[in-house]
Amino acid sequence: MKKIFVINGPNLDMLGVREPNIYGKTTLADIRKQTEKVAEEEGYAVEFSQYNGEGEIVEALHRAYTEAAAVIINAAAYTHYSYAIADGVKMLSCPVVELHISNVFAREDFRHGSVISPYASAVICGAGAFGYSLAVHAAAHKLKNA
Ligand code: DQA
């Protein structure tokens, strides 16, 4: 079965307790289960990961280069300034869906910019934890129409 890599960045391991008014009460473990279910329905396996370190995310992108059919990435705060992660995404030839749980455009100014978006095939934000399911469908759709 082809794999979709779902890569999560810093502080997303705290979902459920972290600012629930912004991120909701769903935990990352719940999101993982739901993402795997939706991916299976679409005919894909999932490699789901979370890293607080920038370098670990870059390494996951390197693995994705050879192992992933598509990548879903919520790089969290790194989204807004990590050129290392942006370069890692730029390197990939598979579909990449950039994802944010919150509507970053309705928040602080520093969240309005993404150094990753120019290299993403699709960007989803503001749909809450459900965004992960949307991202799987978007990735599957991109792959079907590639
Ligand atoms: C986030 C938005 C980022 O601005 C923030 O730093 C995060 C999570 C989101 O999923 O809404 O940690 O990527």
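Predicted model: local features only at pLDDT ≥ 70, side-chain atom pairs only at ≥ 80, totals over all residues.
**Entry 1: the ligand site**

I began with the ligand and listed its surroundings. The residues around the ligand are Arg18, Tyr23, Asn74, Ala76, Ala77, His80, His100, Ile101, Ser102, Val104 and Arg111. Sorted by class, this shell holds five nonpolar, four polar and two charged residues.

Next I looked up polar distances from side chains to ligand oxygen atoms. For Ser102, a polar side-chain atom sits 2.6 Å from an oxygen atom of the ligand. The side chain of Arg111 has an N or O atom 2.9 Å from a ligand oxygen, and for the side chain of Arg18 the corresponding distance is 3.0 Å. I then checked how covered the ligand is: taken alone it exposes 320 Å², and the protein buries 99% of that.

Arg18 meets Glu19 in a salt bridge, with 3.9 Å from N to O. Are these two buried or partly exposed? Arg18 has 18% relative accessibility, so it counts as buried, the cut-off being under 20%. Glu19, at 37%, is partly exposed.

Arg111 forms a salt bridge with Glu108, and their closest N and O atoms are 2.7 Å apart. Arg111 is buried at a relative accessible area of 14%, whereas Glu108 is partly exposed at 39%.

**Entry 2: the other salt bridges**

How many salt bridges does the count give? I get eight. One of them joins the side chains of Lys3 and Glu47, at 3.5 Å from N to O. This pair links distant parts of the chain, since Lys3 lies in strand β1 (residues 3-8) and Glu47 in strand β2 (residues 45-50), 44 residues apart. Both ends get an accessibility note: Lys3 is partly exposed at 29% relative accessibility, and Glu47 is partly exposed with a relative accessible area of 22%.

I also went back to the list with shared partners in mind.

**Entry 3: Thr35 in helix α2**

Then I turned to a helix residue. Thr35 lies in helix α2, which spans residues 28-42. Is Thr35 buried or exposed? Thr35 is buried, because its relative accessible area is 0% and the cut-off for buried is under 20%. Which residues does Thr35 touch, leaving out those up to four places away in sequence? The contacts are Val6, Val46, Phe48, Tyr132 and Val136.

**Entry 4: His137 in helix α5**

My last stop was His137, which is in helix α5 (residues 131-144). Its relative accessible area is 37%, so His137 is partly exposed, falling between the 20% and 50% cut-offs.

Where does His137 make contacts beyond its neighbours within four places in sequence? Val38 and Glu42 are the residues I found. The C-alpha atoms of His137 and Val38 are separated by 7.9 Å, although the two are 99 residues apart along the chain. With Glu42, the side chain of His137 makes a polar contact of 2.6 Å.

Technical notes: Residues numbered from 1 in each chain as written. Heavy atoms only, no water. Near = heavy atom within 4 Å. Polar contact = N/O pair within 3.5 Å; in protein donor to acceptor, adjacent residues only side chain to side chain. Areas by Shrake-Rupley, 256 points an atom, 1.4 Å probe, with all protein chains shown as cover. Nonpolar A, V, L, I, M, F, W, Y, C, P; charged D, E, K, R; others polar. Helix = DSSP H or I, 4+ residues; strand = E, 2+ residues; numbered from the N terminus. Buried < 20%, exposed > 50% of the residue type's maximum accessible area, 1.4 Å probe, protein only. Contact = heavy atoms within 4.5 Å. Salt bridge = Lys/Arg side-chain N within 4 Å of Asp/Glu carboxyl O.
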